[in-house]
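Please consult the sequence and the model while reading.

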Amino acid sequence: MKSIDINEILDEARSLEASDVHFTAGLPPLMRLHGSIQKFAGYPDFNEPMIINVINQITSIKHKQLIQKGEDADFSFVSTAGFRHRVNVYRQRGYHAIAMRLLRNDIPTLKDLSLPPTLGDFALRPRGLVLVTGPTGSGKSTTLAAMVDHINRSRSCHIITIEDPIEYLHNHKRSMVNQREINVDVGSFAGALRSALREDPDVILVGEMRDFETISAAITAAETGHLVMSTLHTTGAAETLDRIIDVYPPHSQGQCRSQLANSLVSVISQTLVPTADGRGRCCALEIMANTDAVGAMIRENKIFQIPSAITTGKSRGMFSLDQDLARLTRQGYITESTGLSRCQDPKEYNRFLTMAM
């Protein structure tokens, strides 16, 4: 039996280009490879003492104390090879479990990620709210890191990031970048946002808009002359806007719609889909820009009309998920069956497949 060395396991996962590593009782170490969960070869099923052994290799005294209290712990871990990982330790059926996201040390550019140049335009807006949405593991943090790096290379400004935990480390380039980690540098997203307004920022990255207080503070910051970038676990522009508005009490929802109509720059929704060759995944996008027409729909509570505006908004850089899946299929990046399995409307997807975009 192999000895348990977390660094060896992570090195092996990285050499195979896995995105995540998992430890749970009753199974050997697992990795997510090209979207699917697979077992590491040569390891036995792990029991609780073996998982505790791994936890002890990756945690500080502070996080050990949290875990001993039965609380979930979020933190970053740097392997002996110098690579960063985002870690969550949690409990299930009375046992501990670990989820580790493998992060790149280098920050990919928008071009590296095959993302459209529109995202660079959004990132260089002087003010407003830019949202990157999608399910867990869809690459939201990487897209935002590339957008922040684009600003860092292009503008002389002050960027503040608020993250839980810090994922990508940004060096100062043309901009000054200060990165704050929840429970290390500051207590909460909302508290960090309130403080940020007194720290002379030009750009504020909020790792996740989790609650009413954070959402409200982010929208206020965007309204008061800052570019605010954040994420939500939603699957499209219309759902994203509904989610934000629904967080507000009913008597404040009209005001929220007005604020969004005035301050929103864009909603970028993304998902990762398996490539046709089975060797990886590629990103399928929906992009909504806040045009005058879209702003009027938000203000007048006609968000249900937004998908139609996206579909017909090619001249403004907009396209729907079904349009992008059809493009990826036509260009041979994904199979038609994959596109059908991920599309929102099979009829629309098939229609876009047969027409030029």
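The model is predicted: local features need pLDDT of at least 70, side-chain atom pairs count only at pLDDT 80 or more, and totals for chains, interfaces and linings use all residues. Residues are numbered from 1 along each chain as its sequence is written, and side-chain values use heavy atoms, with hydrogens and water left out.

Serine 156 lies in the loop between helix 5 (140-154) and strand 8 (158-163); helices (H or I, at least four residues) and strands (E, at least two) are DSSP runs, numbered from the N terminus. Its relative accessibility of 57% makes serine 156 exposed, where exposed means over 50% relative accessible area, buried under 20%, and partly exposed in between (1.4 Å probe, protein chains only). Beyond residues up to four places away in sequence, serine 156 touches Arg174 and Ser175, contact meaning heavy atoms within 4.5 Å. Serine 320, in the loop between helix 11 (306-311) and helix 12 (321-330), is buried because its relative accessible area is 7%. Leaving aside neighbours within four places in sequence, its contacts include Leu285, Ile310 and Phe352.

Glutamate 17 is found between helix 1 (6-15) and strand 1 (20-23), and arginine 93 between strand 5 (84-92) and strand 6 (95-102). The peptide bond from aspartate 164 to proline 165 is cis, with omega near -5°.
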